Amino acid sequence: MNDTFFTPIQPLWDKMPLMPQREETGSEGNQSVFGAIFASAMDNVRQTEDEKNKLQYSLATGQLDNPAELMIAASKYQTSVDLLVQLRNKALDAYSELSRISL
């Protein structure tokens, strides 16, 4: 067999990203501290999900040498999602507490 006949499968995410990139605006000063933390947590979820998806693709195509890397990436992704959910829950709890305050 001739090795030049077969070409490796190329991932699609290099040509077409899964999530559209957010446009950076000059409103950094208007954003609250919680908003910045929440946005950072969402970006972390996106990044860890992209890393996990790339490693899953590499494992499926036989290009991943160490399967433990996929398990580590999946754990990082799950941890980042858990953190984002906890931030959301704390924000909702704070909102409900503030809405119960009578002035």
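**Contacts and packing**

A: D43 and R46 join their side chains in a salt bridge, 3.0 Å from N to O. That term covers a side-chain nitrogen of Lys or Arg within 4 Å of a carboxyl oxygen of Asp or Glu. This is a predicted model, where local features need pLDDT of at least 70, side-chain atom pairs count only at pLDDT 80 or more, and totals for chains, interfaces and linings use all residues. Residues are numbered from 1 along each chain as its sequence is written, and side-chain values use heavy atoms, leaving out hydrogens and water.

Q: Where do D43 and R46 lie?
A: Both are in helix 1, three residues apart, about one turn of the helix. Helices here are DSSP runs (H or I, at least four residues), numbered from the N terminus.

Q: How many salt bridges does a search of the whole structure find?
A: Two.

Q: At what angle do helix 1 and helix 2 pack?
A: About 155°, with their axes 8 Å apart. That makes helix 1 roughly antiparallel to helix 2 (angles over 145 degrees).

Q: What sits over the ring of Y77?
A: The charged end of K52, 4.9 Å from the ring centre. The cut-offs are NZ of Lys or CZ of Arg within 6 Å of the centre and within 35 degrees of the ring normal.

Terms used
Axes fitted to C-alpha atoms, helices over the stretch in contact; angles between N-to-C directions. Helix = DSSP H or I, 4+ residues; strand = E, 2+ residues; numbered from the N terminus. Parallel < 35°, antiparallel > 145°, perpendicular 65-115°, else oblique.
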